[in-house]
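May I ask you to turn to the model on the screen.

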Amino acid sequence: TYTIDAAMPKAQISPNMYGIFFEDINLAADGGVYAELVKNRSFEFGTPLMGWKEQQTGGASGKLEVIDRTAERPENAHYLRVKADAATGSYGLANEGFRGMGITKGEVYNFTITARKTTAAFITMTVELRDAKGNVIGKGSLTPTSAAWQKYKVNFTASATEDKASLYVLLKGKGTLEMDMVSLFPQHTWKQRPGGLRADLVQKIADMKPGFLRFPGGCIVEGRDLANRYQWKKSIGAIDKRETLINRWNTEFTQRSTPDYYQSFGLGFMEYFMTAEDIGATPLPILNCGMACQFNTGQLVPVDQLDPYIQDALDLIEFANGGADTKWGKLRTDLGHPKPFNLKLLGVGNEQWGEQYIERWKLFTKAIKAKYPYVSIVSSVGPFPEGEEFTRLDKFFRSQHADLLDEHYYKSPKWFLDNAKRYDNYDRSGPKIFAGEYAAHSTLTGDALKKNNWESALAEAAFMTGLERNADVVRMASYAPLFAHVDGWQWAPDLIWFDNLRSYATPNYYVQQLYSLNKGSYTVPLLVDGKAVAGQDSCYASAVVDKATKELIIKFVNAGDKPQPVTFNISGAKAFAAAGTVVTLTSGKRDEYNSLDKPKAIVPVKSSIAVKGKAISLTVAPSTFKVIKLKM
Ligand code: AHR
């Protein structure tokens, strides 16, 4: 028997409490949510023709030459010269896409290319989409005419659905055409933005109604070395000027003999800010603090040379919030967004630690707070929130009255259950907590696609009762990583999995969504024998009141193997509607998981519950998470 006092507000819940961690890992951006279908569209990968193959038919021949123009265009150093001898047949090249291209029957595809014709002879270009067997499933043509660089476009409709299509760019005629920025997008994207994002994937994040969007990572913020760190200024403006960079996760690409993970930055800071705005999430950029990934080279910018890095942070705040009368605010306006993005949160470094972090953090913080005191700084306490180094950092940040500490935990389900109490005795006077990256790593299977099983989701649901009960100190939380391509991942588990055409939400996703959609306004005490419910009889619980909907919302997890008959006696409310709503997420098997073919193996199911005066009674099945909502 549990007691709830609905008239005793304990902690205000942050409106940003449950959010999204985004990183370009597991093909999340290029090959994922960024809807570009052409891999290595501007020939800037380590091997400039990676992803491309020469093609010739009907007796035609020719030559492909990669031209280096580093001195003239360092940010887009290569283009391709195609010398075609195709009086009959055709000559050109084909692109394999990111693990193939996902093409949908009836969808319109926008092909664009920047080209110049360096010989007078007439040349035509045919663009074909072919399925895995080589059948043409979409076709367009265009005639390049100009001797100067010019953008050409052609749209065509696909006649079949295929998840492993390729794009053929074929020339007819005898002459030379130079090309760059060879691109193919579906017309239908998120908000129908040309060159935009995959709508099904953004919709899945929008459906969580996240309180914040953290971007662009993760370790890619840091880079393996400083030359390959994420630089936000290089990720905005014309896409042919955004410098391609090797992805920090490239060498983890175990499935490929030739690692091919690069960042085109087609999804850059402007797109992140706009997506956050679209889905009503507070933007939370994380910036490099003059340190490369400490798990790799650990390169450091000398402290006396940190100014450009700090300036990047100050300029970013001006870019997000400044008026058109400021340098960076004007750039945002010129890019089509006069309205400020209302940036209030900024991360200084990702998952950094040690004295080297502390001395850099001090300089960043001093400069940011001097100019923008209203910006809350997210500070790193290193990779795992335990041990001497964690305690040292935690102590240091407390002494500095830091705003938010970014704790990361990738641990076993048992750790998550044990740590439902983690924040119960935290010092309330110090910094607030951002549980910035976490996921329960199941011990039941080694198979990546099965790691998002019910064991892991249930443990996270139990742990999150602890985050919620301690909402006065835990102000934000996000599961990580967010996305993974089933044919191109290097880290599992992940919240949402996809292939080139489909996507599915994991049970872990539904746990996050249930918390986010039911976060309420403030917590109220839910007790058993006068104590918080954090593991007694393998049960975990929290309760909140939503002021707007006038609901009492109870989250209850039975993580054990026995059914639990429970009664909630509620005081502090005048009366309740006769029936409440119950949302149940459960599985009889802890190793059950969702998949592309069975996306609904574990999904929330709605039912109702009778309210007897001010009490409800129910039996909660083993391994079950319930959200119970009562109208007051
Ligand atoms: O989420 C995957 C990685 O885990 C992140 O890039 C990093 O911050 C953490 O180590």
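This is a predicted model: local features need pLDDT of at least 70, side-chain atom pairs count only at pLDDT 80 or more; totals for chains, interfaces and linings use all residues.

Strands of a sheet pair through backbone hydrogen bonds, either parallel or antiparallel. Here, six strands form an open sheet with antiparallel pairing, in the order S24-S27-S28-S33-S30-S31. At its edges are S24 (522-524) and S31 (605-610), each of which pairs on one side only. On average, neighbouring strands of this sheet are turned by 25 degrees against each other, direction ignored. Within the sheet, S28 (residues 551-558) and S33 (residues 624-631) run antiparallel and are joined by eight bridges. Glu-551, for instance, has Lys-631 in S33 as its bridge partner.

I now come to the helices. H8 packs on the sheet, where it touches S24, S27 (539-546), S28 and S33. H9 lies across S30 (579-586) and S33, at about 150 degrees to S30.

How do the two helices pack on each other? H8 (residues 454-469) and H9 (residues 507-517) meet at an angle of about 20 degrees, and their axes are 8 Å apart. Because angles under 35 degrees count as roughly parallel, H8 is roughly parallel to H9. The crossing of H8 and H9 is right-handed. Among the residues in contact are Trp-454 and Met-464 of H8, and Val-511 and Tyr-515 of H9. By class, this contact has seven nonpolar, two polar and one charged residues.

Finally, the ligand. It is surrounded by 13 residues, the closest being Gly-218, Cys-219, Glu-351, Ala-480 and Pro-481. This shell divides into six nonpolar, four polar and three charged residues. Thank you for your attention.

Definitions and conventions. Residues are numbered from 1 along each chain as its sequence is written. A residue is near a molecule or strand if its C-beta atom, placed from the backbone, lies within 6 Å of it. Ala, Val, Leu, Ile, Met, Phe, Trp, Tyr, Cys and Pro count as nonpolar, Asp, Glu, Lys and Arg as charged, and the others, Gly among them, as polar. Axes are lines fitted to C-alpha atoms, for helices over the stretch in contact, and angles run from 0 to 180 degrees between N-to-C directions. Helices (H or I, at least four residues) and strands (E, at least two) are DSSP runs, numbered from the N terminus. Angles under 35 degrees count as roughly parallel, over 145 as roughly antiparallel, 65 to 115 as roughly perpendicular and the rest as oblique. A crossing is left-handed if the near helix is turned anticlockwise from the far one by less than a right angle, and right-handed if clockwise. Two residues are in contact if their C-beta atoms, placed from the backbone, lie within 7 Å. Two strands pair if DSSP finds at least two bridges between them.
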